[in-house]
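Colleague: Please take a close look at one part of this model, the salt bridges and the elements around them. I would like one connected account.

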Amino acid sequence: MKVKDAMHKGAEWVSPDTPLTQVARKMKELDVGSIPVGENDRLVGMVTDRDIACRAVADGRDCDAMTARDVMTDGIIFCRDMEELDDAMRIMEQKQIRRLPVINEQKRLVGMLSLGDVSQAAPHALTGEVTAAVSAPHA
């Protein structure tokens, strides 16, 4: 099965200078736990709900004065829409990530692949293996 057959299509992204409160509202509106960050037509990072909680709220910082750049994880791990789902699952497993941006041949963001998507599309034994690896405590 190809990634494009399992992913959520039509992911949205924000620019690094997007106010953090706007990023959080967009997450709520879209019912997602992460938003890719793009600049100059390239993906440059990712903001997750955990990034907001740990890098802003828990540190007592003023969320009204912060931007996506202030809390985002730099760099981005992604997969391609025409990759085999098994290959994308291995990326998630090795990098311990729950959500993977999906780009097409033209390097455009076309979707997101989440553990939930994987659990619906892949065999249960493989899904359990990936979930266990992604959920393992970080060193």
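Modeller: Glu 93 is buried, with a relative accessible area of 18%; buried means under 20% relative accessible area, exposed over 50%, and partly exposed in between, with a 1.4 Å probe and protein chains only. The model is predicted, so local features need pLDDT of at least 70 and side-chain atom pairs count only at pLDDT 80 or more, while totals for chains, interfaces and linings use all residues. Residues are numbered from 1 along each chain as its sequence is written, and side-chain values use heavy atoms, with hydrogens and water left out.

Glu 93 forms a salt bridge with Arg 90, the closest N and O atoms being 2.3 Å apart. A salt bridge here is a side-chain nitrogen of Lys or Arg within 4 Å of a carboxyl oxygen of Asp or Glu. Glu 93 and Arg 90 are separated by about one helical turn because they are 3 residues apart in helix α4. Arg 90 is partly exposed, at 29% relative accessibility. Helix α4 covers residues 85-95 and also holds Met 92; helices (H or I, at least four residues) and strands (E, at least two) are DSSP runs numbered from the N terminus. Met 92 is buried, with a relative accessible area of 0%.

By the salt-bridge rule the count comes to 6. Another of them joins the side chains of Glu 84 and Lys 2, at 2.7 Å from N to O. This pair links distant parts of the chain, 82 residues apart: Glu 84 is in the loop between β5 (79-80) and α4, and Lys 2 is in the segment before β1. Both are partly exposed, Glu 84 at 32% and Lys 2 at 26%.

Lys 26 and Glu 12 also meet through their side chains in a salt bridge, again 2.7 Å from N to O. Lys 26 lies in helix α1 (residues 20-30) and Glu 12 in the loop between β1 and α1, so the pair ties together parts 14 residues apart in sequence. Lys 26 counts as buried at 19% relative accessibility, whereas Glu 12 is partly exposed at 34%.

Strand β1 (residues 8-9) pairs with β7 (residues 109-114) in the antiparallel sense over 2 bridges; pairing requires at least two DSSP bridges between the strands. Within this pairing, His 8 has Met 112 in β7 as its bridge partner. Strand β6 (residues 99-103) is joined to β7 by 5 bridges, also antiparallel, and Arg 99 stands opposite Ser 114.
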